[in-house]
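Colleague: Can you take me through the salt bridges in this one? Please keep it short.

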Amino acid sequence: MAYEHIPLDHTRRNSVEILERAKAFFALANARRTVRDFSPEPVPLAVMQEVIRTAATAPSGAHKQPWTFCLVGNAELKRRIREAAEEEERANYNGRMTEEWLRDLAPFGTDEHKPFLETAPWLVVVFKRAFEYDADGSKHPNYYVNESVGIATGMLLLAAHHAGLVTLTHTPSPMNFLSVVLERPDNERPFLLIPMGYPASECTVPRLERKALEDVLVPYL
Ligand code: IYR
């Protein structure tokens, strides 16, 4: 059955306005930094609900919305996630990562210690839903799951930044422990672990350069 069609809710803006707005949004996005030093200050649940609601507006293959955002604020669960992540990362930094990988990471000073997993008031654990079960238990596929969940996660990061929060895209690897600790069903696979909150007052970030526009945009005019 085809969807009913309704009028598009769209504000028409002139060419001056669209350029101004595009520039303003770039400035906002360009100021987002990945942060590893979090303040333990609480962030209201209502804020997290709005940023997750924003992420869940992402487009998805056949509108299957193949995502689940687990919002972890419970101290005991955060402690268990930290413990399991640090155990995996210890193995990563002590032999599982290649020499070249370790050399690429060295300038960032990361190691197997992940205190932010307990310090940050919230952990958003993004799960991708590989397929769905219906009421009879039969399986139904989702489509373009990585693309859909990747877009939703990007929107989550920008929504948090716009609200005034900082985020870290954390990829403990392998991530199966997240399914175990959070008791997720077998159609869900961990995608990304995102600590979210206020930055620590002494927070610093590496002085990074972004690629020039010419290096990322190839015009065919
Ligand atoms: N997952 C590890 C290692 C790591 C890998 C990359 I690529 C990074 O950009 C940062 C860290 C960790 O979280 O330490």
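Modeller: A salt bridge here is a side-chain nitrogen of Lys or Arg within 4 Å of a carboxyl oxygen of Asp or Glu. This is a predicted model, where local features need pLDDT of at least 70 and side-chain atom pairs count only at pLDDT 80 or more, while totals for chains, interfaces and linings use all residues. Residues are numbered from 1 along each chain as its sequence is written, and side-chain values use heavy atoms, with hydrogens and water left out.

Colleague: How many salt bridges does the structure hold?

Modeller: There are 10.

Colleague: Which residue forms a salt bridge with glutamate 76?

Modeller: Arginine 79, with the closest N and O atoms 2.9 Å apart. Helices (H or I, at least four residues) and strands (E, at least two) are DSSP runs, numbered from the N terminus.

Colleague: And what does arginine 79 do with glutamate 83?

Modeller: Their side chains also form a salt bridge, 2.9 Å from N to O. Glutamate 83 is four residues from arginine 79 in helix H3, again about one helical turn.

Colleague: Different topic. Where do arginine 129 and glutamate 188 lie?

Modeller: Their side chains meet in a salt bridge at 2.9 Å, N to O. Arginine 129 is in strand S2 (residues 122–129) and glutamate 188 in strand S6 (residues 188–197), so the pair ties together parts 59 residues apart in sequence. Shared partners join Arg129, Glu132, Arg184 and Glu188 into one salt-bridge network.

Colleague: Is glutamate 188 buried or exposed?

Modeller: Buried, at 3% relative accessibility. Buried means under 20% relative accessible area, exposed over 50%, partly exposed in between (1.4 Å probe, protein chains only).
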